[in-house]
Amino acid sequence: MGVQILGLWSRTPSLWVHLPETRSKPVHLLPTTALPTTASLSSSPPTIQVVGGKNPTWYGNGNANSNTTLDGFADETDWIDLDSELCYWTKSLRPVQWYPGHIAKTEKELKEQLKLMDVVIEVRDARIPLSTTHPQMDSWLGNRKRILVLNREDMISKADRNAWANYFARQGIKPVFSNGQLGMGTMKLSRLAKALAASVNVKRRAKGLLPRPVRAGIVGYPNVGKSSLINRLLKRRMCEAASRPGVTRELKWVQFGKELELLDSPGMLPMRISDQSAAIKLAICDDIGERSYDVVDVAAILVQILTRIPSVGVKALQNRYKIDVDGHNGRIFVQKLAVHLFNGDTHQAAFRILTDFRKGKFGWVALERPPR
């Protein structure tokens with residue numbers, strides 16, 4: 001049974017106890033059915049694979065028949081699954097929707113350009129890899145080869161990274177983890193792109209055709225770091241980039257040496273976001289326009305998420321803002337912070353909480369772990 005408190009939905013109240021990380025397991029006293037948890041493994045994932053294509057190509061010192069096995073999850077002490085709670089919390093809120101005119105215009109052009117692509121580099125936010133997956137991406141790309149990039153790896157923990165690496169490894173994929181701002185991971189992506197360039201032109205020479213630069217399109221949601229990644233690959237600023245969604249508004253081709261042509265594209269969102277739990281995560285991570293959501297609602301849900309993640313917990317909020325956290329009600333906390341620091345202005349208080357999370361003031365932590 002759900003109860004509504006100050007505009008946010010909550011399930012029948014449950015007791016959550018945060019224990020030091022030195023303990024082998026946290027104690028979670030939950031309602032009748034415990035929430036599922038996921039885990040990270042230490043097993044090494046297989047080598048890099050290009051996603052899609054009729055004949056997937058493997059790179060590195062392994063092959064598609066790698067002996068690496070990943071069967072099951074280990075117990076986690078740093079994560080609790082909140083998907084069911086998020087469904088309750090978002091139920092009574094105004095839906096988050098954002099589909100500006102430039103996206104509608106560019107989507108049609110991008111679909112046409114994708115037909116010319118030899119490979120597509122799909123960039124996702126490492127904090128929310130599932131929520132930054134476009135539901136129509138597979139149908140757009142068909143059998144074209146794909147490279148999966150999880151950008152902003154510096155904004156997640158090692159446990160988060162291991163969990164996602166193992167999750168994709170079970171699907172035969174090794175994503176490229178990157179940091180477009182500082183350039184980490186771009187060398188690996190560059191090597192992979194050049195390897196693809198070589199294979200394409202080998203086929204062209206066999207057909208008696210002259211070699212040409214390989215065409216690669218970089219696609220993904222708004223503000224996941226596509227343009228920053230291109231600038232790092234080129235080692236110069238060729239594409240406008242900023243830490244807000246909607247900066248890139250048109251398609252732009254840039255040359256990467258003599259072997260590769262890159263297509264920078266605006267962030268693509270579905271016309272209607274049906275999964276509002278995913279939409280809230282996009283808002284928290286600043287991957288969707290601010291006009292699409294109520295800042296106070298989103299900050300209140302973020303507080304409720306953070307207090308339930310064992311690696312963050314209530315203590316991190318108390319240490320940061322020097323005020324008590326009453327239970328796990330996010331809206332009450334936003335109101336208390338507004339009185340404490342902003343003369344009762346809840347909008348400023350909410351914006352401060354979101355900004356602090358985006359800057360890692362509560363520690364770097366993902367908002368998603370792989371489904372079990």
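Modeller: Let's start with a definition: a residue is buried when its relative accessible area is under 20%, exposed when it is over 50%, and partly exposed in between, using a 1.4 Å probe and protein chains only. Please keep in mind that this is a predicted model, where local features need pLDDT of at least 70, side-chain atom pairs count only at pLDDT 80 or more, and totals for chains, interfaces and linings use all residues. Residues are numbered from 1 along each chain as its sequence is written, and side-chain values use heavy atoms, with hydrogens and water left out.

Colleague: Good to know! Why is strand β12 called largely enclosed?

Modeller: Because 4 of the 5 residues in β12 (residues 260-264) are buried. Strands here are DSSP runs of E with at least two residues, while helices are runs of H or I with at least four, all numbered from the N terminus. The protein chain has 11 helices and 12 strands, and 53% of its 372 residues count as buried.

Colleague: What makes β11 and β12 a pair?

Modeller: Two strands pair if DSSP finds at least two bridges between them. Strand β11 (residues 252-256) and β12 run antiparallel and share 5 bridges, so they qualify.

Colleague: Now the cysteines. How many disulfides does the structure hold?

Modeller: The count is 0, where a disulfide is a pair of cysteine sulfur atoms within 2.5 Å.

Colleague: And is C285 buried or exposed?

Modeller: C285 is buried, because its relative accessible area is 2%. C87, at 47%, is partly exposed.

Colleague: How do you know that the span of helix α11 agrees with what it should be?

Modeller: The expected span is 1.5 Å times one less than the number of residues. For the 13 residues of α11 (residues 346-358) that gives 18 Å, and the end C-alpha atoms are 18 Å apart, so the two agree. Just after the helix, G360 takes a positive phi of about 80 degrees.

Colleague: What covers the buried residues of α11?

Modeller: The cover includes α7 (276-284), α8 (295-308), α9 (313-321) and α10 (330-341). Among the buried residues are A349, I353 and F357.

Colleague: Last one: why does A163 count as buried?

Modeller: Because its relative accessibility is 1%. A163 sits in helix α4 (residues 158-169), and its C-alpha atom is 6.8 Å from that of R369, although they are 206 residues apart along the chain.

Notes. Contact means heavy atoms within 4.5 Å.
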